[in-house]
Amino acid sequence: AAPPPAAAAPAPPLPAEEGVASDLESWLADGELRLPPLAAAEDASLLAEYPGPLDEATYTASRGWLLDYTAARAGELEGADGGARLLWRLLHLLVKHDGVLDGSGGDAAASELLSALAEASPPPAGGASGPHAPPPAQTEAARAGAACELEALLLAGRREEACEHAMGCGLWADALLLSSHIDAAMWKTVMARYAAEVSVAGSPLATLYSLFAGSGPGVLAPPSGATESPLAARWAENLAMMLANPTTDDTEVITQLGDSVRASWGACAAHCCYLLAETPLPLPDGALPHAEQPRLQLLGHDERQAARGFPSLHSIRGTELYAASRASLDPDFDDAGIAPGLLLYAHVLLGAGEADAAARYAAELDRRRALGGPLPDGFDARLRQLHEQLGAGGGATEGAGESYPAAGEGQLADGGGYPAAADGYSEGAAALAEPLAHAAQEGYAAEGYPQEGYPQEGYPQEG
């Protein structure tokens, strides 16, 4: 397929009535079928060209198109703040390098990854001051006296005291050499104090030395009186340092760095960290508060913001691409959380006249549903509604939806059921009347949605 054209910025969410959110959770629970408008004609073109759903075979066969798409998307975001462009560059590299992002290999793939992170790094506040803190002032006589005392302690066989003395006097080379001949615990102690006293907090060098010392996630701890991790200000550079120089527990450090940068740099910066830490995509748990929900649900979409809206179509595609790349290497990768986004995407496809593509997504969602795992409230009703609309328009695949119980009858594996007709989902053709009327009222025709019941795409005009 031809490379995708440059797309406009993501569409704003469809205006919601006062007090009604338009995030995925509310969309599933809403009695009316509300869809995000297409951003521009380019989005309609992408709906027709995008090769989803991305199972293993489709992902492999469509790599060329996906490379063009991710590169074009990154180009559109040139100059964007908060990691949005970097997120799409990372997705591009995921496709290009078979799902592997390794900055430590010393090869062209590592160079591309580290270059992308370097380009996303803002200049240090106040200019470049170097990663080393200025050493304390010390006269030549004081240095000579400290060295003589060190020698005397060693002559007496007091090696640990000599090491402590060397650290106290700033004789770091001596302290590191001595600690390497004492034990691992002493060496880590010296490394930690060296990183804290010699390197500027939050600098990539200080981060690396602290990780060498075994600090693990403790390296993210804010200094006294602060609330933000010192690594957050230079988050992209710190990511590059950790990827170029792997250490124990660095994956958890990268994950928690994402938590730290979310507040100051936004969801896209956090999602760059989560992507590099290979974070799974589990389903949210409605019984938990937002703070305890899965870190990553849809790439580039901040589901924790109070004023939430529909995720962009780019966000859904990018998340599906990420899930496909991870699943290509790890068949057990948990991507169940993407299902609501794919369901929304299928409804948008159908509304734009792409019935065949919508039917493919419906089949993929049926496959996921058949796995028997938990599903969010309202998911089954929306999926059943999708099958009804596909059937009314002649786009349903043979046998699709046959496993669904009638409205108000039967129970699913997770204990959920379909609402009865009285709850807003009537049987047969009448199920289409309200959503289509609502679509006309909301002005979808101006965004490429036919106003009279989708007649030009083969959908019946009456009901």
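1. Where does alanine 44 sit? Its place is in helix α2, residues 41–49 (helices are DSSP runs of H or I with at least four residues, strands are runs of E with at least two, and both are numbered from the N terminus). With a relative accessibility of 32%, alanine 44 counts as partly exposed; buried means under 20% relative accessible area, exposed means over 50%, and partly exposed lies in between, using a 1.4 Å probe and protein chains only. Alanine 44 and glutamate 354 are 310 residues apart along the chain, and their C-alpha atoms are separated by 9.5 Å.

2. A word on the model before going further. This is a predicted model, in which local features need pLDDT of at least 70 and side-chain atom pairs count only at pLDDT 80 or more, while totals for chains, interfaces and linings use all residues. Residues are numbered from 1 along each chain as its sequence is written, and side-chain values use heavy atoms, with hydrogens and water left out.

3. Here is the overall picture. The protein chain has 19 helices and zero strands. Of its 463 residues, 45% are buried. Taking contacts (heavy atoms within 4.5 Å) between residues at least 6 apart in sequence, 63% join residues at least 24 apart.

4. Next, the interior. A nonpolar core is a set of buried Ala, Val, Leu, Ile, Met, Phe, Trp, Tyr and Cys residues joined through side-chain atoms within 4.5 Å. The largest one has 87 residues, and the members touching the most others are Trp27, Trp235, Leu257, Leu275, Leu276 and Tyr322. Leaving aside neighbours within four places in sequence, leucine 275 is in contact with Leu87, Leu90, Leu91, Leu94, Leu101, Leu299 and Tyr322. Apart from this core lies another, of 20 residues, with Cys163, Met167, Leu171 and Tyr194 among them.

5. Helix α10 deserves a look of its own. Residues 184–198 make up this helix of 15 residues, and from first C-alpha to last it reaches 21 Å, close to the 21 Å expected at 1.5 Å a residue (the expected span is 1.5 Å times one less than the number of residues). Its buried residues are Met186, Val190, Met191, Tyr194, Ala195 and Val198. They cover an arc of only 170 degrees around the axis, which puts them on the same side of α10; the arc is that of the directions from the helix axis to the C-beta atoms. On the other side of α10, Ala185 and Ala196 are exposed.

6. What do the buried residues of α10 pack against? Their partners are α8 (159–168), α9 (172–179) and α11 (204–212).

7. Serine 121 lies in the loop between α6 (108–119) and α7 (140–155), and it counts as buried because its relative accessibility is 18%. A polar atom of its side chain lies 2.8 Å from the backbone oxygen of leucine 117. Beyond its neighbours within four places in sequence, serine 121 is in contact with Ala236 and Glu237. Asparagine 238, in helix α12 (residues 235–244), is buried at 0% relative accessibility. With neighbours within four places again left aside, asparagine 238 is in contact with Gly202, Ser203, Pro204, Thr207 and Leu231.

8. Some backbone details to check. Most residues other than glycine have a negative phi, and most peptide bonds are trans. Here, a cis peptide bond joins glycine 52 and proline 53, with omega about 0 degrees, and proline 53 is found in the loop between α2 and α3 (56–61). Aspartate 98 has a positive phi, near 55 degrees, in the loop between α5 (84–96) and α6. Aspartate 249 also has a positive phi, near 70 degrees; its place is in the loop between α12 and α13 (250–265).

9. Finally, alanine 263 in helix α13. Is this residue buried or exposed? Alanine 263 is exposed, with a relative accessible area of 78%. Alanine 263 and alanine 232 are 31 residues apart in sequence, and 9.8 Å apart in space from C-alpha to C-alpha.

Notes. Polar contact = N/O pair within 3.5 Å; in protein donor to acceptor, adjacent residues only side chain to side chain.
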